[in-house]
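Welcome! Let's look at this structure together, one feature at a time.

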Amino acid sequence: MTRKITANIYMTLDGRGVFPKYPGSDRTMRTANALFRHMWISRYDDVTTVVMGRRSFLGHRRVWSGKARKPSDPKYFFDYSHFLDRVDKVCLSNQLKEPGWENTRILKGDLAQILTKLKREKGGNIIVEGGPRLVQEVLRHRLADDYWFFVMPVVYGRGPRYWSKMKEQNTLKLLEVKHGEDGELLLHYEGIP
Ligand SMILES: NC(=O)c1ccc[n+]([C@@H]2O[C@H](COP(=O)([O-])OP(=O)(O)OC[C@H]3O[C@@H](n4cnc5c(N)ncnc54)[C@H](OP(=O)(O)O)[C@@H]3O)[C@@H](O)[C@H]2O)c1
């Protein structure tokens, strides 16, 4: 079966790749909310590769590797960290020499070629998990099969931008819309080749 490539896009209403505070965003949750369950927990079995740009990779390693877990963290944090520890991780970088996180390859070069090569490897589905710079390239060159936009209810005006000049119009097909408890939207689109 062909491996599907999903790009995750976490953005404010003005298309900035940041995680700002808004009412409810910093509420302590002992269990995962519905959007987290949908985006991640329901995919732990089918996703076997996670691709990240260097900055995003280093951020995830610092915050989400198993080593970062504290005993007081909720169980779903541990589950997410176990998933990220064991999954095949691809860090894209020209600079990084040692990943410092198990099950990681550092790759560099043409993104389309890298993703095509990953798609041909054996395994389950693939998530491109940011950051914005990398995802922008994926969108510009239509490299993903589907796109999950996690939109936060904030016009922020700062932070990395998702949107800049495109090569051409890229029309997507809406598959589903889900609402978060605190005004977030999850927009799931399929790419049209
Ligand atoms: N899911 C997320 O991780 C996420 C979501 C939203 C916002 N953010 C925020 O976004 C910021 C990081 O995102 P970003 O857009 O600045 O950076 P990024 O996309 O995570 O990383 C960019 C780096 O990836 C490497 N890279 C990308 N494509 C490559 C290729 N084809 N070959 C070789 N290297 C390649 C380059 O690293 P080298 O310089 O090493 O060559 C480049 O500088 C952070 O502030 C984070 O908090 C992250």
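Q: Which residue stands opposite H188 in β8?

A: E176 stands opposite H188 in β8. Strands (E, at least two residues) and helices (H or I, at least four) are DSSP runs, numbered from the N terminus. Before going on, note that this is a predicted model: local features need pLDDT of at least 70, side-chain atom pairs count only at pLDDT 80 or more, and totals for chains, interfaces and linings use all residues. Residues are numbered from 1 along each chain as its sequence is written.

Q: How many bridges join β7 to β8?

A: Two strands pair if DSSP finds at least two bridges between them. Here, 7 bridges join β7 to β8 (residues 185-191), and the two run antiparallel.

Q: In what order do the strands form the sheet?

A: The 8 strands make an open sheet with mixed pairing, in the order β4-β3-β2-β5-β1-β6-β8-β7. At the edges are β4 (104-107) and β7 (172-179), each of which pairs on one side only. From one strand to the next, the twist averages 20°; axes are lines fitted to C-alpha atoms, for helices over the stretch in contact, and angles run from 0 to 180 degrees between N-to-C directions.

Q: Which helix packs on the sheet, touching β2 and β3?

A: That is helix α2 (residues 54-64), which touches β2 (47-53) and β3 (88-92). The direction of α2 makes about 115° with that of β2.

Q: How do I read a nonpolar core, and how many residues has the largest one here?

A: In soluble globular proteins, nonpolar side chains tend to be buried together. A nonpolar core is a set of buried Ala, Val, Leu, Ile, Met, Phe, Trp, Tyr and Cys residues joined through C-beta atoms within 7 Å. The largest one here has 28 residues, and V135 is among those with the most contacts inside it. β1 gives the most to this core, with 5 residues.

Q: Leaving aside neighbours within four places in sequence, which residues is V135 in contact with?

A: Contact asks for C-beta atoms, placed from the backbone, within 7 Å. Under that rule, V135 is in contact with A7, I9, V128, G130 and Y162.

Q: Is T116 buried or exposed?

A: A residue is buried if 20 or more other C-beta atoms lie within 10 Å of its own, exposed if 12 or fewer, and partly exposed in between; C-beta atoms are placed from the backbone. T116, in helix α4 (residues 111-120), is exposed because it has 12 other C-beta atoms within 10 Å.

Methods: Two residues are in contact if their C-beta atoms, placed from the backbone, lie within 7 Å.
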